[in-house]
Amino acid sequence: MDDKAARKAAPAFEKEQRQRESERRKEEAAQAKEPERREKTVAKAEAAIELAKREHDKRARTIETDRAAIEKRSQAEDARWEKQKEKLETALRRAHG
């Protein structure tokens, strides 16, 4: 009976060995692809950072342009006010006589 059982078990054992070998090859292939996958992930992240930086720089330039325009308007308003104030104070002095 032992010989008969051994003959019966041999194909199952061989099948299991083939499956283990197949799994090992798949694992090795996955490990071999890991550096390439990691490199692609890093490249993608770096590209995203660069894109975000360009967008930030563009927005910052727009804000700086707006800030300069507002400063110019503020200075113009200050000058207008000073001129108007001077006219009104002159008129007040003349009225007091």
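Reader: What percentage of the 97 residues of the protein count as buried?

Author: Of the 97 residues, 0% count as buried, where buried means under 20% relative accessible area, exposed means over 50%, and partly exposed lies in between, with a 1.4 Å probe and protein chains only. Before going further, please note that this is a predicted model, in which local features need pLDDT of at least 70 and side-chain atom pairs count only at pLDDT 80 or more, while totals for chains, interfaces and linings use all residues. Residues are numbered from 1 along each chain as its sequence is written, and side-chain values use heavy atoms, leaving out hydrogens and water.

The secondary structure comes to one helix and zero strands, helices (H or I, at least four residues) and strands (E, at least two) being DSSP runs numbered from the N terminus. The radius of gyration, taken over C-alpha atoms, is 41 Å, well over the 13 Å that the globule rule (2.2 Å times the number of residues to the power 0.38) gives for 97 residues, so the protein is more spread out than a compact globule. Its C-alpha trace spans about 135 × 20 × 10 Å along the principal axes, and, as one example of distance within the protein, Gln-75 and Ser-22 are 53 residues apart in sequence and 78 Å apart in space, C-alpha to C-alpha.

Now to the pairs themselves. Side chains of opposite charge can pair when their charged atoms come close. Counting as a salt bridge any side-chain nitrogen of Lys or Arg within 4 Å of a carboxyl oxygen of Asp or Glu, the model has 14 salt bridges. One of them joins Arg-20 to Glu-16, with the closest N and O atoms 2.7 Å apart; these two residues are four apart in helix H1 (residues 2–96), so about one helical turn separates them. Both are partly exposed, Arg-20 at 47% relative accessibility and Glu-16 at 42%.

Further along helix H1, Arg-59 and Glu-55 are again four residues apart, or about one helical turn, and their salt bridge has its closest N and O atoms at 3.2 Å. Here Arg-59 counts as exposed, at 55%, whereas Glu-55 is partly exposed, at 35%. Arg-80 and Glu-77 also meet in a salt bridge, 2.7 Å from N to O, and are three residues apart in helix H1, so about one helical turn lies between them. Arg-80 has a relative accessible area of 41% and Glu-77 one of 38%, which makes each partly exposed. Elsewhere, salt bridges that share partners join Glu-21, Arg-24, Arg-25 and Glu-28 into one network.

Some charges gather in another way. Glu-71, Asp-78, Glu-82 and Glu-89 form a patch of negative charge on the surface, a patch being made of residues with over 30% relative accessible area and no salt bridge, with like charges joined within 9 Å and nonpolar side chains (Val, Leu, Ile, Met, Phe, Trp, Tyr) within 5 Å. Of these residues, Glu-82 has its place in helix H1 and is partly exposed at 45%.

Conventions: Accessible areas come from the Shrake-Rupley method with a 1.4 Å probe; for residues, only the protein chains shown count as cover. Lys and Arg count as positive and Asp and Glu as negative; His and the chain ends are not counted. The place of a charge is taken as NZ of Lys, CZ of Arg, CG of Asp or CD of Glu.
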